[in-house]
Amino acid sequence: MRFLFKTSYEDDIKLFPHLGYFVSYGILLALLLIAPYVLSSYLMSQLVFVCIYATVGVGLLILTGFTGQASLGHAAFLAIGAYTAAYLQKYNVPFPAYFLAAGALTGLIGAMVGFPALRLTGIYLVIATISFALIVEEILARWESVTNGNEGMRVKTLSLLGVTVPRDSPTFYFLCLAVLVLTIVGTLNLLRSPTGRAFVAIRDSETAARSMGVNVALYKVKSFAISAAITGFAGVLFAHKLSFISPEMFTLQLSIEFIIVVLIGGTFSLHGAVLGAIFIVMIDPFLTYLKDDMPGIIAGIAATFGAGPATAGNIQSKVAAFASLNGLKGAIYGIIIVLFVLFEPLGLYGRWLKIKLFFQLFPLYKRATFKRQKIYVKSERNR
Amino acid sequence: MLDFVQQLVSGVALGCVYGLIALGFVLVYKATEVVNFAQGDLMMLGGFFAFTFIGMMGLNYWIGFAGAVAAMALFGMLAERVVVRPILGYPQFSIIMATIGLGYFLRSVAGMIWGTDDLKIETPFSQGVLRVGSLVLAYDKLSVIAATVILCTLLWLFFNKTTLGTAMRASSENMLAAYYMGIPVKRVVSVVWAISAAVATCAGVLLAPITFIHSNVGLVLGLKAFPAAVLGGFGSIPGAVVGGVLIGVIESMAGFYLAEGWKDVAPYIVLLAVLLLKPEGLFGLHVRKKV
């Protein structure tokens with residue numbers, strides 16, 4: 001096991017505490033850079049979605065994971081970013097300008113949502129953000145002069161510095177990857193600055209933070225604004241990737257999906273946003289794969305256990321019928337969420353940390369290391 | 001003027017629907033400080049159970065109704081045992097996510113079992129209208145209003161006058177202390193979920209002639225009932241009904257007097273405005289935190 005001796009505060013806040021970080025993240029980056037030349041175009045497209053979802057996840061983590069303010073309205077911020085891009089594009093605004101404008105506008109609206117949210121906690125905040133998202137959805141459908149209503153808007157191909165970047169080109173993937181990496185690095189820097197420390201203090205105890213001199217209202221609004229702005233940036237990329245946007249893409253369902261990203265990934269670290277995004281985006285092709293191949297596999301297993309060809313064929317068609325049932329995907333979704341909440345509340349990244357610690361401490365690992373405290377008294381709950 | 005009164009009355013009827021669903025939210029919240037996002041889906045499932053008993057097995061309406069309520073009460077206990085009990089005491093947000101997951105699951109499974117068509121139950125209230133002067137009120141809406149008033153009164157009495165109700169309030173305040181005082185907290189929570197599932201079933205069955213039963217009805221109505229519960233202040237039984245009626249009246253007024261599109265948004269705008277002024281809703285209690 002490696003012991004890091006920290007002799008100063010600078011040691012404590014290093015982004016790369018030791019050489020291993022350079023090696024592992026270097027390898028990861030190299031793999032991501034050669035990915036477009038190795039993977040199939042379908043997987044590349046999914047990878048772009050992973051980047052976009054992970055960017056939103058990072059934005060949501062700042063608000064939900066680090067400031068402790070739940071939000072079920074992030075689809076609205078994504079929509080505002082996407083529509084800003086599509087609208088400004090009509091007036092031939094160059095990409096960098098509308099990219100920044102989308103982030104700025106979404107950030108501003110995020111701050112405006114943050115103000116009323118200051119006094120709300122827990123369930124009241126959740127319902128307020130849901131209300132906000134529903135109102136935005138309705139505005140998008142009704143404000144036809146700008147958003148083209150329910151007919152949706154076509155988003156032109158991205159052109160960057162005079163070069164057109166089609167949505168399925170490697171360049172577009174690199175752009176999304178760059179936005180994600182910059183967002184992550186920026187957020188890491190934010191979190192080790194006084195602002196980030198104030199966010200975490202507010203999450204852990206608002207009263208304690210206030211008594212330490214943290215301006216709770218200011219930092220909550222800041223957190224909302226930053227989180228919304230990042231989501232707005234992701235929204236621009238989302239619009240370009242889909243090349244067509246309409247209000248029914250940005251429903252409550254999408255907000256829930258974003259929350260699932262951070263929940264499944266793990267809400268206490270930025271790794272969680274990326275892992276969760278991979279999970280959410282890849283579950284679709286995985287389920288399709290299962291649906292196509294599972295009946296054959298199960299029939300094969302039955303055959304090896306001595307089932308005749310007729311029985312095996314019967315089993316295969318039964319499984320196939322079950323797999324193509326309408327709504328099976330929703331049920332699996334639901335089960336996954338419940339299982340994660342019940343058995344892996346720290347998410348995928350938490351599981352990775354547990355495995356790592358298990359091998360580091362090999363015979364001495366204690367399960368209780370990661371046990372969370374239960375609070376049974378209403379007045380002691382901090383939210 | 002007549003238009004106004006007619007809109008008011010139909011708004012109240014609609015609001016009682018929301019109030020009836022909101023009652024279920026409030027019950028669970030009052031006893032366990034858990035917000036059950038799957039409440040609307042429990043209502044949907046209750047409607048499907050009733051459809052199975054009445055429409056498919058051909059039982060008498062009232063027997064089928066009672067059967068559905070009993071079955072759903074058991075189902076509520078099961079859901080509590082499997083999904084909620086292991087995470088009681090964890091931050092509220094985990095439980096919200098767990099119940100959202102439960103809702104997803106129930107919606108999909110109901111869609112798989114009963115299909116995606118709109119189903120209808122023949123009820124004694126399906127036909128006929130009540131005329132007061134030139135006001136018109138359908139019996140099915142009237143039945144919802146009556147049920148809301150009755151259930152609200154019964155539940156209020158239950159929570160404030162009976163021993164079990166007092167035990168529920170105690171365990172909501174401090175589960176540990178309640179446990180030390182000899183209150184069987186686990187069983188209390190279980191009973192609360194049974195009651196709330198039963199209330200949801202009542203809503204589902206009474207709504208069947210109005211909204212029909214399909215697998216998304218819970219989501220749609222739940223999203224309206226939820227603001228109702230918040231508007232009234234989570235944790236207040238009369239508040240839920242008042243909130244529901246307010247939301248219903250606002251919705252029907254906005255639908256009649258304002259341009260198209262306001263109808264769906266107006267309740268949420270009012271909700272946000274109320275939360276700005278009173279963050280704990282209209283009848284909610286302000287809870288001071290211990291540091």
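## A loop residue to start with

Asn92(A) sits in the loop that links α4 (74–90) and α5 (95–117) of chain A; helices here are DSSP runs of H or I with at least four residues, strands are E runs of at least two, and both are numbered from the N terminus. Its phi is positive, about 55°, even though Asn92(A) is not a glycine. For context, most residues other than glycine have a negative phi. Asn92(A) is exposed, with 9 other C-beta atoms within 10 Å. The burial scale runs like this: 20 or more other C-beta atoms within 10 Å of a residue's own makes it buried, 12 or fewer makes it exposed, and anything in between is partly exposed, with C-beta atoms placed from the backbone.

Ser243(A) is another one to look at: it is found in the loop between α11 and β4 (244–245) of chain A. Its phi is near 60°, again positive in a residue other than glycine. Ser243(A) counts as partly exposed, having 15 other C-beta atoms within 10 Å.

## Ground rules

This is a predicted model, so local features need pLDDT of at least 70 and side-chain atom pairs count only at pLDDT 80 or more, while totals for chains, interfaces and linings use all residues. Residues are numbered from 1 along each chain as its sequence is written, and chains are lettered from A, with ligands numbered from 1, in the order in which they are written.

## Chain A

Chain A has 16 helices and 4 strands. Its C-alpha atoms fill a box of roughly 75 × 60 × 45 Å along the principal axes.

Helix α8 (residues 170–191) of chain A has 22 residues and reaches 31 Å from first C-alpha to last, close to the expected 32 Å, which is 1.5 Å times one less than the number of residues. Buried residues in α8(A) include Phe172(A), Tyr173(A), Cys176(A), Val179(A), Leu180(A), Thr183(A) and Thr187(A). Among the elements covering the buried residues of α8(A) are α2 (19–38), α3 (41–66), α11 (216–242) and α13 (270–304) of chain A.

## Chain B

Chain B holds 11 helices and 2 strands. Its radius of gyration is 19 Å, close to the 19 Å from the globule rule for 291 residues, so chain B is as compact as a globular protein of that length. Along the principal axes, the C-alpha trace spans about 60 × 50 × 35 Å. Buried residues make up 53% of chain B.

The two strands, β1 (residues 129–132) and β2 (residues 135–138) of chain B, pair antiparallel over 4 bridges; pairing takes at least two DSSP bridges between strands. Leu130(B) has Leu137(B) as its bridge partner in β2(B). β1(B) and β2(B) form a hairpin with 2 residues between them, and Gly133(B) in the turn has a positive phi of about 60°.

## Where the chains meet

The contact takes 43 residues from chain A and 48 residues from chain B, with two residues in contact if their C-beta atoms, placed from the backbone, lie within 7 Å. On the chain A side, α6(A) gives the most, with 11 residues. The residues on that side divide into 27 nonpolar, 8 polar and 8 charged. Here Ala, Val, Leu, Ile, Met, Phe, Trp, Tyr, Cys and Pro count as nonpolar, Asp, Glu, Lys and Arg as charged, and the others, Gly among them, as polar.

Key
Rg over C-alpha atoms; globule rule 2.2 N^0.38 Å.
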